[in-house]
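Please view the sequence and the model together before reading on.

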Amino acid sequence: MSLKHLGIFNQYGLSAHLTRTPEAQVADPTTVLVGELATAALLRHLNDAHIRCAYLIGRWDVCEADGIAQRQIVNNIDDFSDWYLRLDTWAWAPQSITELPGTTVAFGSQVVGRDGTQDSTPAQSDAAVLTWPLLLDMSDPRPMLRFLKKFALEGNACWIIDQDRWSSLPAGQNAQLWLEQHGFSVQTSPLDEGYTLYRCTISTDGYANYLRTLGVDADMINVKKLLITTEDADVHPTGGIGTYIKNVRALNPNSGTLLCHLHAPQAQMPARTVSPQLFVENITEESYFEGLGLVDTAQALLCLFPGLEAFEFQDYRSIGYRLVQSKCTGRLPRWLHLAVILHGSVDYVKFGIGDETAVNYGIHELKYGIKDAYIFQHVDECIAPSRYLAQRLLSEEFGYQLHNPRYVRLPFDLKLLPANANRDFQHVKRLIYIGKYNRLKGWEDFLQAIERLASTGKLANITEIVSLAPTAPSREQRSRIEKISPYRPLHLTHTELLQFLAEHRHDSLVVIPSRGENYPFVILEQLLLGTFFVAYDAGGAPEVVGVPEFVKTFFCAPNASALSKKIAEMLASAPAQYAPTIIESNVRALRRQEEINQHWSCSSARLPESEQPATASTAYDIAVENAGRALPPVAVAIPVYNTSLTFVAELFESLLHSKLKPSRVLIVDDGSESDYHEALRQLAHEKLDRSIPWKLHAQENVGLAGARNAALKLLDEPFIFFLDSDDCLLPHTLQDALFALLLDKQRVAATGFAVYLRASEPMVSGDTLKKADFWMPLGTEKARALALFENQFLTANAMVRADVYRDVGGWDARDRSMWEDWALYTRLAWSGYEFSLIPSPGYLYRTSAGSMSKTYSRYGGRRRLIRNLPFATPLDANVIYSLVNGAGSERSLLKGPALSEREAELILFIRSLLHKPRLRATILKLYNFYSRIRRKG
């Protein structure tokens with residue numbers, strides 16, 4: 001069996017779900033009521049099974065059953081419809097059985113038989129009971145499945161009741177088969193009135209075997225904390241973050257790894273490590289991190305490994321951005337602990353390089369900075385190995401707000417250290433450079449330093465120079481070294497590197513001229529190995545040592561001149577001068593590291609209790625606060641102007657299939673032709689009359705922005721979802737957007753990805769989602785400065801807080817130019833309001849030749865943007881936009897011919913390929929071929 005059924009890419013809209021066919025029918029779980037006779041029969045089964053307490057999820061006709069000693073019957077449900085919508089989302093994914101809505105039946109401590117006599121066997125476990133339609137109808141049953149697995153693994157049982165009339169599915173697609181595919185052991189019992197009862201259990205050994213059949217390490221069943229990374233020292237040569245991952249996994253049996261190498265097969269993964277290929281393949285890196293890939297993998301892992309409680313990810317390349325955004329908007333559980341390990345953000349790298357190449361940021365680097373700001377502020381915990389990085393650099397220099405920073409020394413598996421190494425120090429005959437062949441790691445400083453030393457004869461006794469780095473130096477660099485001494489560039493695994501250093505430490509000087517390390521493992525390794533080394537007094541390196549006198553002796557200022565002097569000083573020293581200090585430091589470092597490792601080997605998914613956040617996250621508090629309340633009414637506003645009635649009919653159908661039914665639909669006819677208006681009214685009558693209240697409002701044509709503003713005035717619901725008339729909702733669109741706003745009272749608008757809908761592909765497929773055939777903006781107000789260059793906000797198809805939109809004056813309706821949504825979000829962002837993309841398929845966005853992006857004036861769009869920059873006068877705003885998007889800005893969307901955003905993105909993509917020689921040659925050949933055909937035509 002493949003694990004890909006756990007993800008949305010296999011079948012859109014039915015994540016981890018059975019395939020439905022047009023003839024398949026499923027009862028509405030909010031109206032299903034298990035009758036009195038069936039409920040009584042069920043309770044007798046639970047009594048016979050020695051159940052202590054039964055939690056009946058949903059609607060049940062519970063009465064006193066004869067022959068059963070019931071202590072208490074408690075019903076904690078008023079409106080199951082609202083509760084069901086919460087259950088069908090990740091935000092309210094339950095951790096405890098008491099969080100679920102329904103009826104609690106507490107049996108006696110001694111089981112009473114059907115004849116009234118007491119059974120000597122005491123009640124041993126609890127039971128969760130739910131109806132099959134409840135699971136079958138969910139747009140994403142993985143949150144509920146995860147809970148049922150967790151509940152069963154704690155020694156309890158899950159019971160699912162089904163009835164023939166509740167569902168009609170193709171042969172072979174039944175509850176038992178589906179549950180067994182998810183690791184349950186299922187026993188079937190018939191009940192009266194056509195009911196079937198499925199008793200679902202999971203043992204630890206049984207689930208471990210289930211994982212083995214999937215090709216997954218069975219020890220993942222014990223994992224509480226998942227480390228999400230792009231580097232792993234057990235898989236390939238790597239830097240500090242890969243070493244950290246390897247050490248944590250070695251020391252803590254409750255930690256596992258998701259190694260985000262998209263093409264690495266699971267068979268090559270180390271212990272307690274999973275590959276994304278288990279869940280999705282043939283996906284691009286951009287789609288994985290910027291689109292749905294990583295988020296959906298995380299959701300699938302939560303379902304597969306129900307003990308998971310925490311995710312930790314690196315800050316490098318901001319890979320956890322969509323995860324944090326998902327938790328903030330309800331696409332990950334409120335209880336899930338998200339932590340970022342501060343290691344190598346874009347600002348840290350730029351600051352460390354510190355030359356003219358680091359002055360300006362590219363577009364992708366700016367995006368990393370915005371993502372980092374969002375991550376650092378909204379994550380549950382920022383793990384900081386050094387105060388240099390967290391406090392001095394990120395907080396003070398770059399102004400980031402770090403939520404709940406924790407300063408911890410990092411683990412190191414002492415079993416990795418080679419044994420019985422030579423401690424008899426001799427005069428140095430070998431220089432060993434460790435790092436990478438770039439400026440940040442001090443490679444050029446090292447070259448200049450040894451050239452200076454060689455020119456003064458101070459390297460006369462050096463018989464060999466070695467560099468230990470992941471790649472290889474250039475020919476020119478190799479030539480420079482070979483003029484001084486025999487040279488060996490080595491590319492070693494982490495284990496081989498440690499062995500090499502241990503073997504040669506007695507007659508070598510290790511040089512580590514890194515300019516700004518966070519928590520350099522390479523320094524820690526020298527201390528633990530007891531090597532003779534010199535390094536730069538920069539970054540977090542002095543904090544790793546922790547002894548000022550040692551730093552003063554063996555460290556120097558971060559420049560080539562100081563490095564050459566320090567190397568010369570060490571080479572001139574006799575072994576008797578430095579050996580005692582090195583040995584003493586080695587003993588101290590080993591003792592300290594043993595204490596640090598003990599801290600990291602604790603079984604808790606998070607840090608020890610004394611270092612936990614004092615308060616729960618805002619998202620958790622608000623989720624709990626809203627859990628028992630009725631959901632507020634939501635209206636849908638649809639501006640229409642002569643839109644194809646076929647498209648409008650599809651939109652109405654999507655409203656009927658919405659899991660959250662709107663309280664009202666307002667159709668604003670913005671001056672359509674008179675016969676069209678009547679046809680629109682008739683269509684709404686046919687489609688909506690029986691299910692959803694609706695109103696058709698006619699007005700003179702004022703344009704799309706004006707039509708939306710009219711809806712703001714006419715509707716009094718607190719939340720309004722605006723939807724263009726040629727687009728369609730998905731079943732979960734409204735509930736996702738509403739929950740995103742309920743989770744954060746400061747958020748004024750939210751929506752998911754706009755998935756492109758094409759005439760040739762009327763349905764959304766897994767391939768569409770894997771290819772990320774949709775717009776992927778950052779989707780946060782923090783992108784407000786970058787949005788002066790390109791739109792990084794949301795579309796107008798979003799749910800909004802109506803009162804806020806009225807207060808700010810709604811959309812700028814002065815003219816009918818383009819970018820009215822971009823302009824409004826710009827005004828909101830610079831006025832201090834928050835909004836967010838939801839990392840989930842949001843709605844179907846139809847592209848057509850007559851869209852505004854191809855027909856409206858870009859000059860008018862620019863003027864609209866200028867008017868909506870609240871901190872600047874029109875003159876200043878024009879200067880800012882012109883400078884940002886003027887000559888030299890190759891990617892500007894505000895100049896040039898009237899291209900759509902997707903056309904502009906395609907052009908920019910082709911331009912990026914032209915920088916690669918082979919692809920450039922291929923593209924030019926294709927263009928020449930096209931030109932010849934065009935001339936002949």
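## Terms and basis of the model

Two strands are said to pair if DSSP finds at least two bridges between them. Helices (H or I, at least four residues) and strands (E, at least two) are DSSP runs, numbered from the N terminus.

This is a predicted model, in which local features need pLDDT of at least 70 and side-chain atom pairs count only at pLDDT 80 or more, while totals for chains, interfaces and linings use all residues. Residues are numbered from 1 along each chain as its sequence is written, and side-chain values use heavy atoms, with hydrogens and water left out.

## Confidence

The predictor's confidence in each residue is given by pLDDT, on a scale from 0 to 100. The protein chain has an average pLDDT of 85, and 83% of the residues score at least 70. In residues 9-23 the pLDDT falls below 50, and this stretch has 53 contacts in the model beyond near neighbours in sequence; a contact means heavy atoms within 4.5 Å. Residues 607-620 also have a pLDDT below 50, with 23 contacts beyond near neighbours in sequence.

## The open sheet

Six strands form an open sheet; the 6 strands follow the order β21-β20-β19-β22-β23-β24, with parallel pairing. Its edge strands, β21 (487-490) and β24 (555-556), each pair on one side only.

Within this order, strand β22 (residues 508-512) runs parallel to strand β23 (residues 533-536), and 3 bridges join them. Val510 has Phe533 of β23 as its bridge partner.

Strand β15 (residues 310-314) is mostly covered, with 5 of its 5 residues buried. Here buried means under 20% relative accessible area, exposed means over 50%, and partly exposed lies in between (1.4 Å probe, protein chains only). Ala310, Glu312 and Gln314 point one way from β15, whereas Phe311 and Phe313 point the other way; all are buried.

β15 has two parallel partners in this account. Strand β12 (residues 225-229) is joined to β15 by 4 bridges, and Lys225 has Ala310 of β15 as its bridge partner. β15 also pairs with strand β16 (residues 337-341) over 5 bridges, where the partner of Gln314 is Ile341. Together with helix α10 (residues 321-328), β15 and β16 make a right-handed β-α-β unit. Right-handed means that, with the strands pointing away from the viewer, the path from the first strand over the helix to the second runs clockwise.

Which residues of helix α6 (residues 204-213) are buried? They include Tyr207, Ala208, Tyr210 and Leu211. These residues lie on the same side of α6 because they cover an arc of only 155° around the axis, the arc being that of the directions from the helix axis to the C-beta atoms. The face turned away from the buried side of α6 carries the exposed residues Asp205 and Thr213. Among the elements covering the buried residues of α6 are α4 (142-153), α5 (175-181) and α9 (293-304). Gly215 follows α6 and has a positive phi, near 80°.

In helix α26 (residues 733-742), 10 of the 10 residues are buried, so α26 is largely enclosed by the rest of the structure. Among these buried residues are Thr733, Gln735, Asp736 and Phe739.

## Cysteines

The structure holds 0 disulfides, a disulfide being a pair of cysteine sulfur atoms within 2.5 Å. Cys260 is buried, with a relative accessible area of 6%. Cys382 is also buried, with a relative accessible area of 0%.
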